[in-house]
Amino acid sequence: MATIDLTPDSIRIRLTPAEKLWALRGDVTVPRSAVTAVTVQPDGLRAPRGIRAPGLGLPGARKVGTWRGRAGKEFVSVRANQPAVRITLTGQRYDALVIGADDAAAVAKAVRR
């Protein structure tokens, strides 16, 4: 399961080795100054927008990778029965990060600080 590491200047999404393989990429780091919004998504599997390209999508179980759609490009790491945090960005490779978290409200609050 991906973890979110927060520093005063950056947000780092640390992926497990399996997630790196499924997503076809390594960890994701963005500056905190690029964050424009943070929301909690009650159903992490329904949160990604667009189509997967590239990444893993197991219906009803797991989504990891890049999703592309009208809203832009999102990096996603979510699993079934878990809420997610959507971190909307500006001026970065991804327009949003959608990361599953057991306590998504606490994670969202920490990112907003």
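**Salt bridges, nonpolar cores and ring contacts**

Arg12, Lys20 and Asp27 are linked in a network of salt bridges. The model is a predicted one. Seven salt bridges are found in a search of the whole structure, and the largest nonpolar core has 21 residues.

**Salt bridge Arg12–Asp27**

- Arg12 and Asp27 form a salt bridge whose closest N and O atoms are 2.6 Å apart.
- Arg12 belongs to strand S2 and Asp27 to the loop between helix H1 (17-23) and S3, so the bridge ties together parts that are 15 residues apart in sequence.
- Arg12 counts as partly exposed because its relative accessibility is 35%.

**Other salt bridges**

- Glu74 and Arg86 meet through their side chains in a salt bridge, at 2.4 Å from N to O.
- This pair links distant parts of the chain, with Glu74 in strand S7 (residues 72-79) and Arg86 in strand S8, twelve residues apart.
- Glu74 and Arg86 are both buried.
- Asp43 and Arg46 are joined by a salt bridge with an N to O distance of 3.5 Å.
- Arg46 is exposed, at a relative accessible area of 70%, whereas Asp43 is partly exposed, at 35%.

**Nonpolar cores**

- In soluble globular proteins, nonpolar side chains tend to be buried together.
- Within the largest nonpolar core, of 21 residues, those with the most contacts are Ile13, Val28, Phe75 and Leu97.
- Two or more residues of this core come from each of strand S2 (10-14), strand S3 (28-31), strand S8 (84-89), strand S9 (96-100) and helix H2 (104-112).
- Another core, of seven residues, lies apart from the largest one, and its members include Val76, Val78, Ala84 and Val98.
- Leaving out residues up to four places away in sequence, Ile13 touches Ala2, Thr3, Ile4, Asp27, Val28, Phe75, Leu97 and Ile99.
- Among these contacts of Ile13 is Asp27, the salt-bridge partner of Arg12.

**Rings**

- Arg25 has its charged end over the ring of Phe75, 6.0 Å from the ring centre.
- Phe75 is also one of the residues with the most contacts inside the largest core.
- Lys73 lies over the face of Tyr94, with 5.3 Å to the ring centre.
- The count of aromatic pairs comes to one, taking rings whose centres lie within 6.5 Å.

Methods: Residues are numbered from 1 along each chain as its sequence is written. This is a predicted model: local features need pLDDT of at least 70, side-chain atom pairs count only at pLDDT 80 or more; totals for chains, interfaces and linings use all residues. Side-chain values use heavy atoms; hydrogens and water are left out. Rings of Phe, Tyr and Trp (its six-membered ring) pair if their centres lie within 6.5 Å; planes under 30 degrees apart count as stacked, over 60 as edge-to-face and the rest as tilted. A charge sits over a ring if NZ of Lys or CZ of Arg is within 6 Å of the ring centre and within 35 degrees of the ring normal. A nonpolar core is a set of buried Ala, Val, Leu, Ile, Met, Phe, Trp, Tyr and Cys residues joined through side-chain atoms within 4.5 Å. Buried means under 20% relative accessible area, exposed over 50%, partly exposed in between (1.4 Å probe, protein chains only). Helices (H or I, at least four residues) and strands (E, at least two) are DSSP runs, numbered from the N terminus. Contact means heavy atoms within 4.5 Å. A salt bridge is a side-chain nitrogen of Lys or Arg within 4 Å of a carboxyl oxygen of Asp or Glu.
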